[in-house]
Amino acid sequence: MVKGFGSSNTAGTLFFWESDMKAVLVERIGSFEHVELPIPEPASAEVLIHVAVAGLCRTDIKLIDVGHRDLTLPRIPAEEVVGNVTALGAGVDPAWLNKRVYVYPGTSCGACRPCRQGAGNLCRSMQIMGFHRDGGFAEYVCAPVDSLIEIPNACDYDRAVTAEPLSCCLNALELAQLKAGESLGIWGGGPAGAFLSRAALAMGASPTIFEPNPHRRSMLGAAERAQPDDAFDVAVVAVGSTEAYHESMAHLAPRGRLVLFSGLSPTETLQSVDFNALHYHEQSLVGAYGCSYRHGEQALNWISSGTVQVDDLISHRIPLSQLDQAIKLVREQQCMKILLYPES
Ligand SMILES: [Zn+2]
């Protein structure tokens, strides 16, 4: 809660900064706590954002349960964040004050080889919100001004926050070189599979989702599993399952591209990859991880223009204080996208 929130001038100097905020903190792997923390102060070239909505991502749960390659502790999680700019660090253009913003969760250097090749998500000094620095499971979060994208007036916060999962899908489909008219097989009918399907439709491709859970199938009109003669130009595995990887490889068309979108737990490994099949059918394996800033811009554009419909994929709106209930819904696969509200 804000107690006597201090004033700030547009040059970014902050006075009487003596307020606390509610936040979710992971101090050790395996648990999280609801805590009161001081509202962070934006450093030079950063802004302070009053969080309106944070999306719950499966990665947030993985991060709490078993940690993550990119995680440092203690940490406030959440990389899907939108809100209102309420204070500015030194050197930030005053025009940002009170803007509604989407936060691209990465901070890339812009100078290393991956950055120069347009793969900011693979920056050698990548810093990810919710992993290397604090994220949006809090009333306030600081973010570099360079990571902000202004939300168009036509787009509300709830839809805008889904630009993050959508932008990861855009990165994956770009890497797969999915073209209009091509077929796309999606293994896994959770939120990621659903957003992949919507992105593919917007690109003029024909997506089919495969999902064993009947509740999820009914939400998405998905199929249970691929038929023996199904063959896809692009297959995406959006579920951390070795079985899905094996099945998707068996349903790849000649010159098909299999996108490794979902990671596997360290204890799971593929039994074998038939490299001769890849050779004779000129098929490719394509890794995809996260997204670049430009994917965030495109996702936000497509959502606000209605090119991609996301409203029906938001299944639950829950106060952040009930994060445990939200996580339970994800574990039991009883939801699509869950949005969390720090102040409700
Ligand atoms: Zn870089």
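In this predicted model, the C-alpha centres of domain 1 and domain 2 lie 27 Å apart. The domain assignment gives residues 20–163 together with 291–341 to domain 1, and residues 177–287 to domain 2. The two domains do touch: 11 residues of domain 1 are in contact with 11 residues of domain 2. On the domain 1 side of this contact, five residues are nonpolar, four are polar and two are charged.

Helix α4 (residues 163–175) and helix α5 (residues 191–202) have axes that come within 9 Å and cross at roughly 60°. α4 is therefore oblique to α5. The crossing of these two helices, α4 and α5, is right-handed. From α4, the contact is made by Pro165, Leu166, Cys169, Leu170, Ala172 and Leu173, and from α5 by Pro191, Ala192, Phe195, Leu196, Ala199 and Ala200. Sorted by class, this contact of α4 with α5 has 12 nonpolar residues, with no polar and no charged ones.

Helix α4 also meets helix α9 (residues 293–305), and here the axes come within 8 Å and cross at roughly 115°. The crossing of α4 and α9 is right-handed. On α4, the residues involved are Ala163, Leu166, Ser167, Leu170 and Asn171, which meet His295, Gly296, Gln298, Ala299, Leu300 and Ile303 of α9. The contact of α4 with α9 has six nonpolar and five polar residues, and no charged ones.

Note on methods
Residues numbered from 1 in each chain as written. Predicted model: local features only at pLDDT ≥ 70, side-chain atom pairs only at ≥ 80, totals over all residues. Axes fitted to C-alpha atoms, helices over the stretch in contact; angles between N-to-C directions. Helix = DSSP H or I, 4+ residues; strand = E, 2+ residues; numbered from the N terminus. Parallel < 35°, antiparallel > 145°, perpendicular 65-115°, else oblique. Left-handed = near helix turned anticlockwise from the far one by under 90°. Contact = placed C-beta atoms within 7 Å. Nonpolar A, V, L, I, M, F, W, Y, C, P; charged D, E, K, R; others polar. Domains from an automatic or database assignment.
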